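Subject: Model for you to look at

Hello,

Here is the structure I said I would pass on. Please open it alongside this note. My findings follow below.

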Amino acid sequence: MTIAPPGGTEQGLRRLVTGARSRRIIAVPRPLRRLSGPIALFVLWWLLTSSRQVTPSSFPRIGEVLDTGVSMVRSGELQSAIWASGRRVLIGLSIGVSCGLLVAIAAGITRRGEDLIDSTMQVFKAIPSFSLVPLLIIWLGIYEGPKIVLIALSAAMPIYINTYGGIRNVDDRLVEAGRTLGLNRLALIRHIVVPGALPSFLTGLRFSFANVWLALVVAEQINANSGLGLLLADGRSSFRLDIIVLVVVIYAMLGLLSYAFVRLLERRLLQWRRGFEGE
Amino acid sequence: MTRDSDPRPADERGPNALVLADVRRRFDGRAVLDGLDLVVPHGQLVALLGQSGCGKSTLLRIIADLDREAEGDVFVPERRAVVFQDPRLMPWKRVSDNVSLGVRGDDVGARVREVLADVQMTAHARAWPATLSGGEAQRVSLARALIRRPDLLLLDEPFGALDALTRIKMRALLAVMCAKYRPTVLFVTHDVEEALIFADRVIVLDAGRFTFDEPVALDAPRRRASAEFQTMSERVLAALGVVDSS
C-alpha cells in the first residue's frame, strides 16, 4: 500500500493491490500442488523408517514393500489377487447399483411406489449391512455368494438414497414446463426427471465406491480363499508386515482409481453445470 | 371440467381460439376465480391485467392445462404454448435441444434454426442455458414456444424478471414475432403501459371476476405521450383500483 500524496486526487483513499496474478514468480501447476500432500506422506514414511527409531518389525521400509510388490508381480500372485478382488467388487457394484437405481426410480416417480417402497427402504437403511454376514453365510455358503451380496448391498443403499432424493428434488417448474411442451410421462422422465436426478445419482455412486472397498475387506474375511483378503490374512499369520502394508497401499490406490472414475463421469455427464460452452 | 381440443386443420377451425364458460376455482373453500366467461377470437392479442394475487396466474395455469381442479368449461386449441416469467429451460440441454424438445417431424433442425434466427439467438444454439443472460434465456423460451406454431400463446408476465432495458427490447421482439407467427395471445402482466402498447384488448381481473374488458382503440404507432393513451391508461388503472397522481 502506498500513501497518496496529500492534495492528490487519491487523497484519503487506500490503494488496492492490482496485477497480483501476473506478479507471482513461479506458478505451480494445480495437479502438482494437489500431489504435494501424498508425496510428503511417502517422504515422511521414508524418513521415519530409515531412521533407527522405527524398527522394520513395527513398520516396514518403503523399499522393502516395493521389493515385495515387484517379486509378487513377477510371480503373478499380486495380479491374480487384485483381479479376484476386483472381480468381486465389479460384480457386486454392478448388481448393487442397478438394483438401487431401479428401486429408486420406482419409488421416485410414483406416489404409490413411494408409499410401498420408501418406508421399507428406511428400515433396511437402519440395518448395518455387515451384521447380515452370519445370515448370508448360512444362506449362501462361504464362497463367492455372500461376498458379492454383501458388496452389492453396501453399494445399493447410497444409490437408492441419493437417487430417490434427487428425483424428488427435480424442479417442479421444469416438469410443468415439460408438460406444456406436450411431453408424455415417459418423455418427462427421460428428458427431465432422469437428467435432473443425475447429479444426486453420481453423489450416490461416490458413496457406493467408498462402501464397496470397505465391504470387500469384510467380505474377504469370511473365507479368504483368494484375493487381496487372502494376502492380508497370509501376511498376518506369517508376520509379513511388508505384505500387509503393500495390500493396504493397493486398497488406497484402488480407492483413488475409483474416485477418479466417478470424477471423470461427472465431468462428462455434468458438463452443463460448469456452464462451459461448446466442446 | 370438460376440455376440448381442436384437431381440425386451420381452415376448418372455428372462429375462436379460447372460450371460457363459468370458470371457477377454489382454494380451501375460498373462491379465487368466481365465474369467468370469455371468448377470444383467433389472432387477437389480449392483455390480462390484475393486481398481485387476483388470480390471473391461476387462470393462465387452468388454460395451460396445468390445473385440472377448476370447475366450468374451458375450450382451447390443440396447439398451445406457454412462456413463463422464469425461462424454465432444461439446464442439461443445449439451447437448440431445449427449443426442439417435444417437437416432432423430419424438418426439426431447420425449424430450430429458423426460430433461433427469429429471436436472434443463432450464435448461442450450442450454448448451455447456464451461460445465458436473463434476456437471452427468455428469448430461447419464446423460441421454444413459437416453434410449435401455437394457435394460442400464453405469456405469464414474461418480462417481469428482466431489467428495464432488456424489457423494452423484448417487447419489440414479441411484437415482431406475433406479426410473423400470428398466434392468439393471452398476455398476463401487471404493467398497464406494456398492455396498452401491445394488446388489441385489455381485460382486468379483480377479486376473481373480470371487471374491465375493452378493445384498445389506439392508432399505431402507439405513443405513451398521446392524450388517448393517457386517458385509456387512467381508465385501466382506475379499474385496477390504482390512482396515479404522477
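In which helix of chain B is the place of B:Met177? B:Met177 sits in helix H5, residues 164-181 of chain B. Bear in mind that this is a predicted model. B:Met177 is buried, because its relative accessibility is 3%, and the cut-off for buried is under 20%. Leaving aside neighbours within four places in sequence, its contacts are B:Asp118, B:Val119, B:Leu142, B:Leu146 and B:Arg182. B:Phe229 lies 52 residues from B:Met177 in sequence. In space the two are 24 Å apart, C-alpha to C-alpha.

Annotations next. For chain B, an unreviewed UniProt entry gives "domain: ABC transporter" at residues 18-232. That span is 32% helix and 28% strand. Its end C-alpha atoms are 25 Å apart. For chain A, UniProt (again an unreviewed entry) gives "domain: ABC transmembrane type-1" at residues 78-262. This span of chain A is 85% helix and 0% strand. Its end C-alpha atoms lie 25 Å apart.

Now the interface. Chain B and chain A bury about 2000 Å² between them, with 64% of it on carbon and sulfur atoms. On the chain B side, B:Arg88, B:Trp92 and B:Trp128 lose the most area to chain A. Together they make up 31% of what that side buries. The contact takes 22 residues from chain B and 20 residues from chain A. Between the two chains there are seven residue pairs in polar contact, both at pLDDT 80 or more. The touching side of chain B divides into 11 nonpolar, two polar and nine charged residues.

B:Arg88 deserves a look. It is in the loop between strand E6 (80-83) and helix H2 (95-100) of chain B. Is B:Arg88 buried or exposed? It counts as buried, at 12% relative accessibility. Its side chain reaches the backbone oxygen of A:Arg173 at 3.3 Å. Not counting residues up to four places away in sequence, B:Arg88 touches A:Arg173, A:Leu174, A:Glu176, A:Ala177 and B:Arg144.

On the chain A side, see helix H8, residues 172-180. Its buried residues are A:Leu174, A:Val175, A:Glu176, A:Ala177, A:Gly178 and A:Thr180. They pack against helix H9 (185-219) of chain A, together with helix H1 (56-63), E6 and helix H4 (134-146) of chain B. A:Gly182 follows H8 of chain A, with a positive phi near 85°.

Three of them cross the interface of chain B and chain A. One joins the side chains of B:Asp86 and A:Arg173, at 2.4 Å, N to O. A:Arg173 also meets A:Asp171 in a salt bridge, at 2.7 Å. A:Asp171 is partly exposed at 27% relative accessibility, and A:Arg173 is partly exposed at 39%. Within chain A, A:Asp242 and A:Arg240 form another salt bridge, at 3.1 Å. Salt bridges that share partners join A:Asp171, A:Arg173, A:Glu176, B:Arg61, B:Asp86 and B:Arg88 into one network.

One more pair is worth checking. A:Arg88 and A:Glu220 meet in a salt bridge at 2.6 Å, N to O. The pair links distant parts of the chain, 132 residues apart. A:Arg88 is in helix H4 (residues 77-109) of chain A. A:Glu220 is in the loop between H9 and helix H10 (228-237) of chain A. A:Arg88 is buried at 1% relative accessibility, and A:Glu220 is buried at 1%.

Best wishes

Technical notes: Residues numbered from 1 in each chain as written. Chains lettered and ligands numbered in written order. Predicted model: local features only at pLDDT ≥ 70, side-chain atom pairs only at ≥ 80, totals over all residues. Heavy atoms only, no water. Helix = DSSP H or I, 4+ residues; strand = E, 2+ residues; numbered from the N terminus. Buried < 20%, exposed > 50% of the residue type's maximum accessible area, 1.4 Å probe, protein only. Polar contact = N/O pair within 3.5 Å; in protein donor to acceptor, adjacent residues only side chain to side chain. Contact = heavy atoms within 4.5 Å. UniProt positions renumbered as here; feature names shortened; annotations may be inferred. Buried area = accessible area lost by both parts, 1.4 Å probe. Salt bridge = Lys/Arg side-chain N within 4 Å of Asp/Glu carboxyl O. Nonpolar A, V, L, I, M, F, W, Y, C, P; charged D, E, K, R; others polar.
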